[in-house]
Amino acid sequence: MKVVWAPLYIAILVYLGMRYKRRFWVLLSFIILAVFLADRVSVLIKYAVDRPRPCHESSLQGLVHMVNGVCGGMYGFVSSHASNSFNVAFLSLMFVKRKWYTILIIIWASAVSYSRIYLGVHYPGDVIGGAMLGALTGWGVYKLFEAFDKRIIRKSSASADL
């Protein structure tokens, strides 16, 4: 992801820091895990599937819209941009839990993902696969945090209060 999105990521982290207070540092480790998983798994799938991007497909030369001649790596399934943006969207919306936020962050992730098709670097299936991977990763890491939070953090807080 580009640095242009850093203010969004910082705003999400600041909000989560204010909401989760002392538990934020544990939450941050789960966020890092989610980012790592969404990105690395998408790259592993790309090299396992070996499907060329539309801009690298010789039969489509001259038909694919490319901006500034930039194409990216050789393989495109699944889209790492879609995986990463939907990971951020799903993980954060489960922590923020505001309807307006859910709508806006899904629109943002969809726009980022669609841009990959517009730029000619991914097929729609690449983006759909990446979005599904990212959403599943975000949801899964949230469930891990939830289980950890209930069993470890809150249990240790309760026993400390005794």
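Let me start with helix H4, which has 20 residues and reaches 28 Å from its first C-alpha to its last, close to the 28 Å expected at 1.5 Å a residue, where the expected span is 1.5 Å times one less than the number of residues. Helices here are DSSP runs of H or I with at least four residues, strands are runs of E with at least two, and both are numbered from the N terminus.

Before I go on, a word on the source: this is a predicted model, in which local features need pLDDT of at least 70 and side-chain atom pairs count only at pLDDT 80 or more, while totals for chains, interfaces and linings use all residues. Residues are numbered from 1 along each chain as its sequence is written, and side-chain values use heavy atoms, with hydrogens and water left out.

Which residues of H4 are buried? They are Tyr 101, Ile 105, Trp 108, Ala 109, Val 112, Ser 113 and Arg 116, with buried meaning under 20% relative accessible area, exposed over 50%, and partly exposed in between, for a 1.4 Å probe and protein chains only. These residues cover an arc of only 120 degrees around the axis, which puts them on the same side of H4; the arc is taken from the directions from the helix axis to the C-beta atoms. The face turned away from that buried side carries the exposed residues Lys 99, Trp 100, Leu 104 and Ile 107. Just after H4, Gly 120 takes a positive phi of about 80 degrees.

Now to the packing. H3 (residues 80-96) and H4 (residues 99-118) pack at an angle of about 175 degrees, with their axes 9 Å apart, and the two are therefore roughly antiparallel to each other, a label for angles over 145 degrees. Axes are lines fitted to C-alpha atoms over the stretch in contact, and angles run from 0 to 180 degrees between N-to-C directions.

Elsewhere, Pro 54 lies in the loop between H2 (24-49) and H3, and Pro 54 is buried, with a relative accessible area of 6%. Pro 54 and Cys 71 are 17 residues apart in sequence and 8.8 Å apart in space, C-alpha to C-alpha.

For the protein overall, there are five helices and zero strands, and 36% of the 162 residues count as buried.

Definitions and conventions
Parallel < 35°, antiparallel > 145°, perpendicular 65-115°, else oblique.
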